[in-house]
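Have the picture open while you read.

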Amino acid sequence: MIRNGHHATSDGQDEAVWSKPSGSVRSPEKRKRVVRLWCDGCYDMVHYGHSNQLRQAKAMGDYLIVGVHTDAEISKHKGPPVFTQEERYKMVRAIKWVDEMVEGAPYVTTLETLDKYNCDFCVHGDDITLTVDGKDTYEEVKREGRYRECKRTQGVSTTDLVGRMLLMTKAHHSNMDNPDYQQHTDNFGKGPKGHSPWTGVSQFLQTSQKIIQFASGKEPQPGDTIIYVAGAFDLFHIGHVDFLEMVYKQAERPYVIVGLHFDQEVNRYKGKNYPIMNIHERTLSVLACRYVSEVVIGAPYAVGKDLLDHFKVDLVCHGKTEVIPDKDTSDPYAEPKKRGIFRTIDSANNLTTDDIVKRIIENRLQFEARNQKKEAKEMAVIEAMKRREQQEQSEDSAQVALQ
């Protein structure tokens, strides 16, 4: 199994399933027991927030199993997903912290599911997931003490990304105060009784610590084939995953470096208001992919001599999409072609970021209605929690008065 963008062991088994200190041999009875974890969800429009949740979950144990719901289950409880279940399955498999993926996981997480996959407990973010009738999907495992919580990633949500696509203004990265954007967030992030803390739009703030958490930290080793690819990788999607998987398969021991162009450069060759995600967001999205070893943040558009020599690049790959000339009309891949190390990769997947934006725009009203429905259920739960807390406080006060 590939771990953090690198290689499986020669026998195909997971690396270091049992842990033991160097210089000593311990009996199986004294070896550390493997802690198995369960996560589940829709994983629709997978972004670095989902990846960060799975990263946090994996840090709580040793082996992470992720269950993904079917289209039918999601439609029943939330409304139709943006991506098909097959697309969502593949996206989750590509996240480097995932050890195993279960197709068609039940929407409500039960002890039966945890026991079936020998999981010690399940992990979910600090938001709430509700069934079609407003019940907490993790109620049973919470009650039995087999539930753990991780922090939601601030500054990113499917709601926000959809908003950016629908707004399509050139300044959307710094356009939080734009009246049109606020109107969108009102439609997507507020129910009839106020604003839910779990659904809405907030500002993403990149930190060096977050990049370190996502990065593999592995240097290329002797015998590795260093492969370089470059692009926007905007709204990191299944088309990107299929391409990077094919790139990864170009060598027996690949070390894949992805060069990400700055926002201004992407806007130059893609136009409109691209990129949808800024350079910091795109960096985390790509680093979460198991086929990627390293990311160059703000890579030059032309793949020149200095870059190839600095990283000791053995192979440069590009997909079947059109290569836009550089500002001076030159071919950005002239140098690798001259060296005979350029290769065109056909991933057999023609999905583009444009295609995703079109899906969203064509189903705008449907997505807005889905989010408003989700928001209303969340607000009902919040109100119920407040009433319960007030009742408990009243009861405590009454007991104190009787003493």
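## Cysteines

A disulfide is a pair of cysteine sulfur atoms within 2.5 Å. By that rule, the structure holds 0 disulfides. Take C39, which is in no disulfide: its nearest cysteine sulfur belongs to C150, 6.6 Å away. C150 is in no disulfide either, and the nearest cysteine sulfur to C150 is that of C39, at 6.6 Å.

Are these two buried or exposed? Here, buried means under 20% relative accessible area, exposed means over 50%, and partly exposed is in between (1.4 Å probe, protein chains only). C39 has a relative accessible area of 0%, so C39 is buried. C150 counts as buried too, because its relative accessibility is 4%.

## An open sheet

Now look for an open sheet of 5 strands, in the order β10-β9-β8-β11-β12, with parallel pairing. Strands are DSSP runs (E, at least two residues), numbered from the N terminus, and two of them pair if DSSP finds at least two bridges between them. At the edges stand β10 (294-297) and β12 (342-344); each has a single partner strand, so one side of each is left without a neighbour in the sheet. From one strand to the next, the twist averages 25°, with axes fitted as lines to C-alpha atoms and angles running from 0 to 180 degrees between N-to-C directions.

Y228 has V316 as its bridge partner in β11.

## About the model

This is a predicted model, where local features need pLDDT of at least 70 and side-chain atom pairs count only at pLDDT 80 or more, while totals for chains, interfaces and linings use all residues. Residues are numbered from 1 along each chain as its sequence is written, and side-chain values use heavy atoms, leaving out hydrogens and water.

Definitions and conventions: Helices (H or I, at least four residues) and strands (E, at least two) are DSSP runs, numbered from the N terminus.
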